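Colleague: Could you take a close look at one hairpin in this model and walk me slowly through what surrounds it?

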Amino acid sequence: MQVGPLSGVEPVQLASAWRQLCGPAALEEAQLEIEEVALEVRCQQCQGVFRPESFSFRCPACDSTQTEVVAGEGVILDNILLDELQQGVPQ
């Protein structure tokens with residue numbers, strides 16, 4: 001999973017919830033990989049892309065405040081990998 005700083009999801013808490021969900025049950029071998037995505041912003045004036053410091057969204061190149069977030073505001077399920085079940089499933 002990809003988790004951005006503006007997603008409202010804390011990666012440590014997500015990992016903890018995953019461990020509780022899987023527990024000693026059937027999902028005990030399941031793995032969760034969390035990639036923390038950096039916050040990136042594009043300036044609408046000069047089209048420059050930058051990573052804000054201290055959540056200051058002012059463009060460092062042209063000083064514009066007309067910016068849009070292009071990465072780091074979501075939670076994305078990037079990939080699921082399933083092994084074949086050995087019992088009870090026709091192949």
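**A strand and its neighbours**

Modeller: Two bridges join strand S3 to strand S4 (residues 49–50), and the two run antiparallel; a strand here is a DSSP run of E with at least two residues, numbered from the N terminus, and two strands pair if DSSP finds at least two bridges between them. Please keep in mind that this is a predicted model, in which local features need pLDDT of at least 70, side-chain atom pairs count only at pLDDT 80 or more, and totals for chains, interfaces and linings use all residues. Residues are numbered from 1 along each chain as its sequence is written, and side-chain values use heavy atoms, leaving out hydrogens and water.

Within this pairing, Val 41 has Phe 50 of S4 as its bridge partner, and the hairpin that S3 and S4 form has five residues between the strands, with Gln 47 in the turn showing a positive phi of about 65 degrees. Looking at S3 itself (residues 40–43), you will find Val 41 and Cys 43 on a covered face, while Glu 40 and Arg 42 make up the uncovered one.

As for cysteines, a search of the whole structure finds zero disulfides, a disulfide being a pair of cysteine sulfur atoms within 2.5 Å. Cys 46 is in no disulfide, and its nearest cysteine sulfur, that of Cys 59, is 3.7 Å away, which is too far for a bond. Cys 46 counts as partly exposed because its relative accessibility is 36%, whereas Cys 59 is buried at 3%; buried means under 20% relative accessible area, exposed over 50%, and partly exposed in between, using a 1.4 Å probe and protein chains only.

Technical notes: Helices (H or I, at least four residues) and strands (E, at least two) are DSSP runs, numbered from the N terminus.
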